[in-house]
Amino acid sequence: MTDESPRSFGFETRAIHAGSAPDPATGARATPIYQTTSFVFEDVDEAAALFNLQKVGFIYSRLTNPTVAVLEEKLANLEGGVGGTCTSSGHAAQILALFPLMGPGDELVASKKLYGGSLNQFANSFPRAFGWKVTFVDPDDPENFRKAITPRTKALFIESLANPGGVVCDIRAIADVADAAGIPLIVDNTMATPYLCRPIEHGATLVVHSTTKFLSGHGNSVGGIVIDSGKFDWRNGKFPALSEPEPGYHGLRFADTFGHLAFTIHGHAIGLRDLGPSMAPLNAFLTIAGVETLALRMERHCANAKAVAEFLKGHPAVAWVNYAGLPDSPYHALAKRYLPNGAGAVFTFGLKGGYEEGVRMVESVELFSHLANIGDTRSLIIHPASTTHRQLSPEGLKAAGATPDVIRISVGLESVDDIIADLDRALNKLG
Ligand SMILES: *Cc1c(COP(=O)(O)O)cnc(C)c1O
């Protein structure tokens, strides 16, 4: 596939071919693992051009690596962006997305319905380490974002389909708020993946992922990526790191010099260079293999999840099921609009008992693995109040949809009858 062709092909074709041409050195058809720290320069002039950002190429794997670059191009293509920056984890991607936008004292307005780890990162570490102030709002009313914006607000942050489950954001309406304020909307699209939702098509500026989850898809590699739509004009006076002279590159202005690629090149040349959270080539290799089958896997993940949600709804030990793919979900209409191919495979349900029953449930399942991950081929289960969300206050637990009765599952790719039988056995032991 050439750079000009990929966007005219279907999603499945691009998932396999975008970014991954046969290896120019050997003809290897699968992308090789370029397990090297550094790349030999042709001569001093070439080295100078690379270091001056006048030539695109490889210097050192903290900045760029050929295996990682294939994954960056593939995922940028699938999201409809112009470029991507892979990172060592999803959390590193969140830091790298904000790093060019924010300075000490600047503000971020974020949804309060986020992955528990993101709530901790935003509420505690961002203010302490970087002086970034984060205001959390209920994303169900997009007006809440508008009301929280101040002259120091530099971005809005939401999850398209929120973890731990069932919450879908009105991306278009929140993007309109961001546009009116002259700031980017950043969407964490981890739970949906570009197969189910493409936030850039709905007005997002930046998309972040934990590639650890459905994109790699097999529970074997931690990673992340930031993808830029290429559509935001960084020269509106709010983003000096992108628009003003950069002392680390002889006064180069990223926005003037690189146009729609400014954010992505800054991500490598400044973000990865100075903060250092690069993705390992082996993790990129495993994630590329995962993305090739993303469409097939997500289809089955969603079909299995829907069947499991319907089963749980009818079980006497279950009080409620929060799956946006069920017609009685308050998010069903938003799910139909933003997730037309399925509402994902991660959701929560409530037990009629409380904390103790939640603990018994995760200890009674046999096929499900009790662990802190989602988006594996295997079915996974967790009781957020005793694990991922245990650092939060009772009010924080409620806001995050993780009260003591809540169980979160990530429905895997096993035979759906076996998945349901395992839950049935465990639920029948309760109460
Ligand atoms: C897991 C996750 C993250 C963090 O990603 P890591 O790869 O674990 O650092 C961020 N957002 C969401 C929605 C996640 O599920």
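## Domain arrangement and interface

The centres of domain 1 and domain 2, taken over C-alpha atoms, are separated by 28 Å. Domain 1 covers residues 11-290 and domain 2 covers residues 296-428, with bounds that come from an automatic or database domain assignment. This is a predicted model, in which local features need pLDDT of at least 70, side-chain atom pairs count only at pLDDT 80 or more, and totals for chains, interfaces and linings use all residues. Residues are numbered from 1 along each chain as its sequence is written, and side-chain values use heavy atoms, with hydrogens and water left out.

The contact (heavy atoms within 4.5 Å) takes 35 residues from domain 1 and 37 residues from domain 2. The area buried between the two domains is about 3000 Å², and carbon and sulfur atoms give 60% of it. Buried area is the accessible area (1.4 Å probe) that two parts lose on being put together, summed over both. On the side of domain 1, Pro164, Leu196 and Phe214 lose the most area to domain 2, together 25% of what that side buries.

Between the domains, 12 residue pairs are in polar contact, both residues being at pLDDT 80 or more. A polar contact is a pair of N or O atoms within 3.5 Å; within protein, one must be able to donate a hydrogen and the other to accept it, and residues adjacent in sequence count only if both atoms are side-chain atoms.

The elements listed below each supply at least two residues of the side of domain 1 that touches domain 2. Helices (H or I, at least four residues) and strands (E, at least two) are DSSP runs, numbered from the N terminus.

| Element | Residues |
|---|---|
| Helix H5 | 116-130 |
| Strand S6 | 167-168 |
| Helix H7 | 171-181 |
| Helix H8 | 193-196 |

A search of the whole structure finds 19 salt bridges, with a side-chain nitrogen of Lys or Arg within 4 Å of a carboxyl oxygen of Asp or Glu as the criterion. Across the interface of domain 1 and domain 2 there is 1 salt bridge. The side chains of Asp170 and Arg337 meet in a salt bridge at 3.7 Å, N to O. Asp170 lies in the loop between S6 and H7 and Arg337 in helix H14 (residues 332-338), so the pair ties together parts that are 167 residues apart in sequence.
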